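Dear colleague,

Please find the structure below. My notes on it follow.

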Amino acid sequence: MSDFAVTRATPESRIAALVALIVVAGLAAAPWWMERNSIRVAGEMLIYVGLASLWNLLAGYGGLVSVGQHAYVGLGAYILFAFGILLGAPPLAVVPVAGVAAAILALPVSMLVFRLRGAYFAIGTWVVAEVFRLTAAQVTVLGGGSGVSLPIAIVRSIGSTREMREFVVYDATLAVTLGIIAGIFFIARSRWGLALQAIRDSEIAAETSGVDVAGAKRLLYVAAAAGAAMLGALISLAKLRITPDSAFSVNDWTAYVIFITVIGGIGRIEGPIVGTILFFVLRETLADLGPFYLIALGAVAVVTMLFAPKGVYGLIAERFHIQLFPIARRVAIGAATKGDAQE
Amino acid sequence: MEWLNAVAQGVLIGGLYALFAAGLSLIFGVMRLVNIAHGDLIVLAAYVVLLIVGVTGLNPLVAIFIAAPVMAAFGYGLQRLLFNRTLGDDILPPLLVSFGLSVILQNILLIAFSADSRKLDAGAIETASWTLAPGLTLGLLPLLMFATALAVIGALQFMFYRTSLGRALRATSDDQEVARLMGYDNRHLYGVAMALSLAVVAVAGAFLAVRANFIPSAGPARLIFGFEAVIIGGLGNLWGTLIGGVILGVAQSLGAMIDPGWQLLAGHLAFLLVLAVRPQGLMPRISA
Amino acid sequence: MPDAPLLQIETLDAFYGSFQALFGVSMTIAAGETIAIIGANSAGKTTLLKSIVGLVRSGSGAIRFKGENLARLETHKIVARGIALSPEGRRLFASLSVEENLRAGGKSKRPGPWTLSAIYALFPVLKQRRNQPAPSLSGGQQQMVAIGRALMANPDLVLIDELSLGLAPIVIRDIYAALPQITRTGTTALIVEQDTGQALAVASRVYCLRGGRVALEGRPADLSRAAISSAYFGD
């Protein structure tokens, strides 16, 4: 019997970890070296990386294709504004509250939408988002259909100058997005992640192997809702004004997110990051072409789905056998070294 | 009486929702495909009717007879060139491709026709009405819509259960591998099914254009109404879809009576209620 | 002796994805013969039939039917040329009635003796149940529908996969009793059969498969029990 060890790290993943550390440090220090406009774009990119990673978690890992996550994005925004306007609460403290509130609401919602499967589940999530939007439009104290702005006092409590406020919101966004990616990374490495993979490969086999399929999916859905709500709260903090249509915009918070993930690569953590970068590059080159931009994006997503379903990163990863986030386990025979991760 | 009137209006609009849903239901029944772009195709049909009316001067409801074959041909091509490539065990491709198509269609229409809202004029029929009793008046157009829904669903049922094409579609839906053993070309049959679906979509689009204003982004709402009608009525049953549409219409109508802003919400809540209490729908034939 | 064989299989390989199921199988079948293919489970019998009709990807090798190589054709085109398959497990169309299933089989509209009334004459019990949904029939009756459905295409070659699967002996006997009426019209039959005794009784020639290869071939009268047993199980 030869020695063997189960490892996860690869040479590429070690390098990537180093690069990631440098990038994160650079992003954290952005307020000191980036110009304000770039910080705004960086903040937007972080939001999309976060939203796309969450959608990827649901669809790529959980097999739950939702086209209604914008329900929770808008919910997060409205919770933040509600706490601010009605209770005068400091906005940054409300961000995690929004996450918790969304998780609580997502539980009964999941019991309804999980009665549907496949594409019907998808449309069901869209209906839920519509219900959230229509309900928000009925809440007159939060501006009803025309929306409301964050009161000056609350705005000032974030920071005394505009610059300061932008930095604070940016840092919070960075923290939340990193938290989301880290969370997904650890889920993927954990037993839960293994269970999700099993469910994705064959639900029936997973069920009979003792995996609580329904429970695992529900947990995923609730976690994704919480994440989306926190991001939604941060989005509203950046804009300082909400309306039902903008907070619950299916284009901004679902269509773009789906396209990013599809083009970047479904089912791998790196996918949403690659996709967001491509998305913003495309946006810069196609400038402000509105509908043309959406057509181009949609067309690229369709073509990608038909001919390269694993997305850009998926193609690269398979072609060069790279895995930047060390998740998959490998057995290394005859090389039992102390200190290597073992499950 | 007011309530009775509201219910009556709701029933009639249910016919339109059933028309929205019939094409969706047909496609799901034959190939288990849910086309997220379905609502946008209805809107596309409305604009096609607009173009036909502009060129020929025909009444929009008469233009259906030109729009339907045009949309059917488009549907056949769409299926064979696009959707046939997505069919298989994985649910992601058809879902994401139809979602992408939805966004593409909306924006092409936006570029071609701008965001101005349009409405087509069907003439006298729009204002004609029939007073059944004091306080209970039925518009002729809604009546025609409901009658058309009945006729379309009846025709589809006849096709499915009494023609060789229907037999071919049902066989392919049951077991597409064995259907090929009989000599059925399932790629062609799927194309025919989509063509039929879009012919129905053309009818729905024409009524949409005549009944109220429409804009390029009106698709998703139509998809949702159609989808809710299908789920309330039960999968795989076209008459169930009609019942589902009626229930949805009545719920919306009653909601509007309480408060105009509640119209859509009431419909959605009725759908969620059915989902909570009887998720398989009222008259299901297939399980999803 | 007829001139060219009806079906000629030449060193056929067949694959499920990257898994190879048939290795260089060769067979010659003349018109009018009744051929039985026997062998243990996963010997490749069903794979062979599926390869002939194009449901399984074939690798190298040829499948010549009336001289034409079917190897790259699509199933619905192969079937139109005069081959019909009654699949393993019957696989009737569940939402269709008995008569609708039979009519579905007649889609190709090839000329020949098999019409609805001819099928009902062959299996009278089906006529009584013609409008019932196919799944409501017993196993034996469903097998009759499956065979009838295949015959409705008036094929030159009918393939019957695992006729006796899941059926009671008396039912199997009854169905096999109808076989001569089928082959009498000149239809060539290729029958995959688990029940070796039954296969040897009806066939003019027998092939035994093992591990995706032809292990034995011959006329029933010429094959000893020992030879068949050793070909079947291998030793």
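How many residues of chain C are in contact with chain B, and how many of chain B with chain C? The contact joins 20 residues of chain C to 13 residues of chain B, two residues being in contact if their C-beta atoms, placed from the backbone, lie within 7 Å. On the side of chain C that touches chain B, α2 (75-80) and α3 (98-105) of chain C each supply at least two residues. That side divides into 11 nonpolar, 5 polar and 4 charged residues (Ala, Val, Leu, Ile, Met, Phe, Trp, Tyr, Cys and Pro count as nonpolar, Asp, Glu, Lys and Arg as charged, and the others, Gly among them, as polar).

This is a predicted model, in which local features need pLDDT of at least 70 and side-chain atom pairs count only at pLDDT 80 or more, while totals for chains, interfaces and linings use all residues. Residues are numbered from 1 along each chain as its sequence is written, and chains are lettered from A and ligands numbered from 1 in the order in which they are written.

The contact between chains A and B takes 31 residues from chain A and 32 residues from chain B. On the chain A side, α6(A) gives the largest share, 12 residues. By class, this side has 24 nonpolar, 4 polar and 3 charged residues.

In chain B, helix α11 (residues 263-277) has buried residues that include Leu264(B), His268(B) and Phe271(B) (buried: 20 or more other C-beta atoms, placed from the backbone, within 10 Å of the residue's own; helices: DSSP runs of H or I, at least four residues, numbered from the N terminus). Their cover includes α5 (91-113) and α6 (118-138) of chain A, together with α9 (219-233) and α10 (238-258) of chain B.

With kind regards

Notes
Buried ≥ 20, exposed ≤ 12 C-beta atoms within 10 Å, placed from the backbone.
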